[in-house]
Amino acid sequence: MTPSSAQAALLTFCTVISLGSVGLVLSIAVPEGGNNWFWLMTLSPLAGVYYWTKASRKEEIKVKMVLSDDGNSVSEILVRGDDVQVEQMRRELKMSEKGMIYVKGIFET
């Protein structure tokens, strides 16, 4: 999974707005600082940089196939990984959990 430039930009924008609000509150609450509290907004690009450097992650799913006693057919498939990725794999391959029956939802086609 790679970082998204749009999410980094949104995060930076939201941080600018948040730090601007903090600057406004501090300029009212602590008038000795004057308008210098608004300089806090210059730190907002650091939020985007932090996201950009920490957002990537390697997704890995481990699959183990258990054969039946005769060795000709697969009796179980054991899947290990991130919940979201395992659920996506289950949906795409139209598999169900052991002992579970899949029932279509109202909004599924």
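**Entry 1: ground rules**

I am working with a predicted model, where local features need pLDDT of at least 70 and side-chain atom pairs count only at pLDDT 80 or more, while totals for chains, interfaces and linings use all residues. Residues are numbered from 1 along each chain as its sequence is written, and side-chain values use heavy atoms, with hydrogens and water left out.

I looked up the confidence next; pLDDT is the predictor's confidence in each residue, from 0 to 100. The protein chain has a mean of 85, with 96% of its residues at 70 or more. Among its elements, H1 has the highest mean pLDDT (94) and strand E2 (residues 74–80) the lowest (79). I keep a reminder here: where pLDDT is low, the predicted coordinates should not be read in detail.

**Entry 2: the whole chain**

I found three helices and two strands, taking helices (H or I, at least four residues) and strands (E, at least two) as DSSP runs numbered from the N terminus. Along the sequence they follow the pattern α-α-β-β-α. The radius of gyration is 25 Å, well over the 13 Å that the globule rule gives for 109 residues, so the chain is more spread out than a compact globule. That radius is taken over C-alpha atoms, and the rule is 2.2 Å times the number of residues to the power 0.38. The C-alpha trace spans about 80 × 35 × 20 Å along its principal axes. Buried residues make up 11% of the 109.

**Entry 3: helix H1**

How far apart are the end C-alpha atoms of H1? They are 36 Å apart, which agrees with the 36 Å that its 25 residues should span at 1.5 Å a residue; the expected span is 1.5 Å times one less than the number of residues.

At the N-terminal end I found a cap: a side-chain oxygen of serine 4 lies 3.3 Å from the backbone nitrogen of alanine 6.

The buried residues of H1 are Ala8, Thr15, Leu19, Gly20, Gly23 and Ser27, and what covers them includes H2. I picked out glycine 23, which counts as buried because its relative accessibility is 0%. Leaving aside neighbours within four places in sequence, glycine 23 is in contact (heavy atoms within 4.5 Å) with Trp37 and Phe38. Its C-alpha atom is 7.9 Å from that of methionine 41, 18 residues apart along the chain.

**Entry 4: serine 44**

I then went to the loop between helix H1 (5–29) and helix H2 (45–54), where serine 44 sits. Is serine 44 buried or exposed? It counts as buried, because its relative accessibility is 2%. Its side chain reaches the backbone oxygen of methionine 41 at 2.8 Å. Beyond its neighbours within four places in sequence, serine 44 is in contact with Thr12, Thr15, Val16 and Leu19.

**Entry 5: aspartate 83**

Last, I checked aspartate 83 in helix H3 (residues 83–93). At 64% relative accessibility, aspartate 83 counts as exposed.

Technical notes:
Buried < 20%, exposed > 50% of the residue type's maximum accessible area, 1.4 Å probe, protein only. Polar contact = N/O pair within 3.5 Å; in protein donor to acceptor, adjacent residues only side chain to side chain.
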